[in-house]
Amino acid sequence: VSVAPNGHVYDARLVEVLYTLDQQGVSIEAVMLFTTPLSHLGFLGINPSRGDEQHIGVSLKMSKSVNSFRYTGWRYLTLEMMANGLMWTLSEQVPVESNEYIQLVTATFDDLGFRPLARHLSSLKDVTYKVRAVDCQTVGVDFYKLLTHHGRHIVPQIKVSLVTAADMKASDIQSKLQAFLTEEPVEVRVEALLQSCLSAPPAEVSLNPYADVVWTACSEPLQLVSAEVISPPGYGKQLLMDLSALSDDNSNSRLKGSTFIISLPPAGDLWAYGPATFQHYDKHDGQIFSMRFFIIIATVSLLITSLLYFLFKRHCKNSQGKTSAHSQRELLLLPAMTPKNICTMAALLPLVLPLCIRIF
């Protein structure tokens with residue numbers, strides 16, 4: 001656990017770690033925005049449902065375990081803004097236990113590096129902690145928005161072009177494609193474009209160099225087919241790896257038999273900004289005040305009421321023999337300060353105070 005000095009957001013040590021991770025090819029697999037109870041409110045038995053009344057932090061899950069920076073096997077970097085500075089933690093597991101979360105937002109990415117966060121931290125060299133301006137809520141949400149803005153994912157639907165033997169049926173093409181894809185279930189939709197290699201491919205179709213040579217040579221009856229491959233959520237990266245391996249296999253070493261050549265679309269059509277998957281977990285049960293809160297309020301109100309009764313009775317006793325109008329009014333109030341009335345006041349305070357807190 002390390003903390004930025006003097007309440008600062010910027011920490012040169014953290015920036016160095018981020019740039020080093022980026023140079024080592026380590027990426028961010030998931031960004032987790034979490035909220036936990038504020039310590040002082042939790043002690044009082046108050047559990048607000050609003051995020052701006054909870055402690056907020058961000059955990060980053062690495063694409064692989066890292067053995068450096070005096071630590072071994074760590075895979076999580078957690079950032080939390082504290083009054084004394086930005087606290088960052090390197091750990092093997094998520095540092096906050098699941099039963100401590102109130103809310104947990106998890107976004108996964110296929111391509112997200114550490115460089116954007118390192119540059120952002122470097123721009124905050126003079127920024128220090130300030131309640132409601134630079135605190136755990138504002139900094140945590142700022143980091144989360146920055147990372148989700150720069151993260152990318154593989155589109156779940158990849159449209160490939162295939163040069164196949166002219167007599168190959170759509171069902172055979174589907175079966176052959178699915179046989180080489182590691183993730184299941186994968187949906188494949190096939191659409192015929194050209195039934196003969198005597199015609200030039202449509203302008204919108206992108207063939208790799210090997211497929212273009214085979215189609216142009218037209219040494220055997222060929223057909224041009226478009227196949228849309230749809231992967232389950234979160235498996236786009238694995239799907240692209242499988243299709244890329246088939247597309248690069250120009251010798252057809254894994255596709256023996258009839259001609260079957262895959263061409264991927266341009267890289268710009270394969271990526272999209274935003275998370276690959278998104279999950280929001282909220283375990284707040286709607287109960288703001290726990291039994292601890294009512295016990296504390298009842299105890300405090302009873303003590304205060306008892307103290308007031310003691311002081312009032314003592315004052316009235318010292319005022320006996322005086323005949324002023326002020327002391328007579330005090331003596332008239334004394335009968336109302338009975339044990340029964342004290343208990344009633346102590347019981348009403350815990351009911352009235354939560355209502356006042358919610359209003360104000």
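What pLDDT does the protein chain average, and what share of the residues score at least 70?

**Figure 1. Confidence along the predicted model.** The structure shown is a predicted model. The protein chain has an average pLDDT of 78, and 72% of the residues score at least 70. Among the elements of the chain, α3 has the highest mean pLDDT, at 94, whereas helix α9, made up of residues 325–333, has the lowest, at 50.

Figure 2. The phi of arginine 132 is near 70°, a positive value in a residue other than glycine. With a relative accessible area of 61%, arginine 132 is exposed, because exposed residues are those over 50%.

Figure 3. Cysteine 218 is not a glycine, yet its phi is positive, at about 50°. Is cysteine 218 buried or partly exposed? Its relative accessibility is 23%, so cysteine 218 counts as partly exposed; a buried residue would be under 20%.

**Figure 4. Close-up of a nonpolar patch on the surface.** The patch is formed by Val300, Ile304 and Leu308, which together have about 260 Å² of accessible area. Of these residues, valine 300 is found in helix α8, which covers residues 291–318. Valine 300 has a relative accessibility of 41% and therefore counts as partly exposed.

Note on methods:
Residues numbered from 1 in each chain as written. Predicted model: local features only at pLDDT ≥ 70, side-chain atom pairs only at ≥ 80, totals over all residues. Heavy atoms only, no water. Buried < 20%, exposed > 50% of the residue type's maximum accessible area, 1.4 Å probe, protein only. pLDDT = per-residue confidence, 0-100. Helix = DSSP H or I, 4+ residues; strand = E, 2+ residues; numbered from the N terminus. Patch = residues over 30% accessible without salt bridge, like charges linked within 9 Å, V, L, I, M, F, W, Y side chains within 5 Å. Areas by Shrake-Rupley, 256 points an atom, 1.4 Å probe, with all protein chains shown as cover. Salt bridge = Lys/Arg side-chain N within 4 Å of Asp/Glu carboxyl O.
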